[in-house]
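Here are my notes on the model, point by point. Have it open next to you while you read.

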Amino acid sequence: MADENALAALGERLVAQVVELGIAGGGPLKPAAEVAEEHLLGAGGDREVAIRRLVATHVRLAAVSGFVTGLGGAATLPVTVPAAMAGLYIVATRMSAGIAYLRGYDIGSEEVRSAILVSLLGSAGAATLKKAGIEIGRQSTSAALQRLPGAALVEINKRVGFRLVARAGEKGVVNLTKLVPLVGGPIGAAVDGVSAKTIAGYALRTFPPLVPRVVIDPDVIDGEVVDVRSEPSA
């Protein structure tokens, strides 16, 4: 029971910091809304094109060895969670938040933030919600979490945090028995990239479009020919 309580507390700390850094940004990491707006501008106002580019950008970032461990904010994460694991979730959180933002959701609301966290679990998200007494059915996760009381959202966040930390143990990234990092245990960069791509798929289903798609000629804005091939920076 003591170990389980320690894992729960660690999960809460991990979730709080991942949400803060992934959505609000910190150090060299830009806020999710700012990055989403940069991609929207580069896509000439087409939100779905911007989302595809946003996902591609973050999958690359997750797959770059050393990027996530070099984030200024990653150093503040719990020492019992390897920076590589925490960094993946920070990048994936910003990606999911960016998708939600571009599809018309308020990423400052508690229910949307909880939905963003659930998307990090991928296929395990539905089971985690079911344990909290929430059935998704045919609706999206974001719709299922609408109008839930704050206490219920807090409980969901706790369950997500616990599952993320437990997953670290399952992958051998962290020794959950002693709650200390394993030397040489961080997830490889290639696996991080695949994980980010998988999370993107669930985020896209979690946040169906709330705003109509506006397609603008990507080569002409206000009568001027522009080059939209370059991608925004991290």
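1. Start with Leu 164, which sits in helix H8; helices here are DSSP runs of H or I with at least four residues, strands are runs of E with at least two, and both are numbered from the N terminus. This is a predicted model, where local features need pLDDT of at least 70 and side-chain atom pairs count only at pLDDT 80 or more, while totals for chains, interfaces and linings use all residues. Residues are numbered from 1 along each chain as its sequence is written, and side-chain values use heavy atoms, with hydrogens and water left out.

2. Is Leu 164 buried or exposed? Buried, because its relative accessible area is 2%, and the cut-off for buried is under 20% (exposed is over 50%, partly exposed in between, with a 1.4 Å probe and protein chains only). Leaving out residues up to four places away in sequence, Leu 164 touches Leu 14, Tyr 89, Leu 120 and Leu 121, where contact means heavy atoms within 4.5 Å. Leu 164 and Tyr 89 are 75 residues apart in sequence, yet their C-alpha atoms are 9.1 Å apart in space.

3. Tyr 89 also pairs up with Ser 195 for a distance check: 106 residues apart in sequence, 9.5 Å from C-alpha to C-alpha. Ser 195 belongs to helix H9 and counts as partly exposed because its relative accessibility is 22%.

4. Now the core. Which residues touch the most other members of the largest nonpolar core? They are Ile 107 and Leu 120, in a core of 55 residues. A nonpolar core is a set of buried Ala, Val, Leu, Ile, Met, Phe, Trp, Tyr and Cys residues joined through side-chain atoms within 4.5 Å. Two or more residues come from each of H1, helix H2 (32–42), helix H3 (47–63), H4, helix H5 (110–119), H6, H8 and helix H9 (189–206). H4 is the top contributor to this core, giving 11 residues.

5. Leu 120 deserves a click of its own. Not counting residues up to four places away in sequence, Leu 120 touches Val 18, Tyr 89, Ala 92, Thr 93, Leu 164, Arg 167 and Ile 199.

6. Next, Ser 96, which is part of helix H4 (residues 83–102). Ser 96 counts as buried because its relative accessible area is 0%. Its side chain makes a polar contact of 3.2 Å with that of Ser 119; such a contact is a pair of N or O atoms within 3.5 Å, and within protein one must be able to donate a hydrogen and the other to accept it, with residues adjacent in sequence counting only if both atoms are side-chain atoms. Beyond its neighbours within four places in sequence, Ser 96 is in contact with Ile 116, Ser 119, Ile 199, Ala 203 and Phe 207.

7. Ile 51, in helix H3, is 45 residues from Ser 96 in sequence and 9.8 Å from it in space, C-alpha to C-alpha. Ile 51 is buried, since its relative accessible area is 2%. Its contacts, setting aside neighbours within four places in sequence, are Ile 99, Leu 102, Arg 103 and Leu 204.

8. What lines the largest pocket? Glu 4, Ala 8, Glu 12, Ala 124, Ala 127, Thr 128, Lys 131, Lys 158, Arg 159, Phe 162 and Arg 163 do. Helix H1 (2–24), helix H6 (124–131) and helix H8 (150–170) are the elements that each give two or more residues to that lining. By type, the lining has 4 nonpolar, 1 polar and 6 charged residues.

9. Finally, the whole chain. It has 9 helices and 4 strands, in the order α-α-α-α-α-α-α-α-β-β-α-β-β along the sequence. Of its 234 residues, 46% count as buried. Among contacts with a separation of 6 or more, 73% are between residues 24 or more positions apart.

How values were computed. On a 1 Å grid over the protein atoms alone, a cavity is a set of points where a 1.4 Å probe fits but cannot get out, and a pocket is an open set with protein on both sides within 12 Å along at least five of seven lines; lining residues have an atom within 4 Å of a point. Ala, Val, Leu, Ile, Met, Phe, Trp, Tyr, Cys and Pro count as nonpolar, Asp, Glu, Lys and Arg as charged, and the others, Gly among them, as polar.
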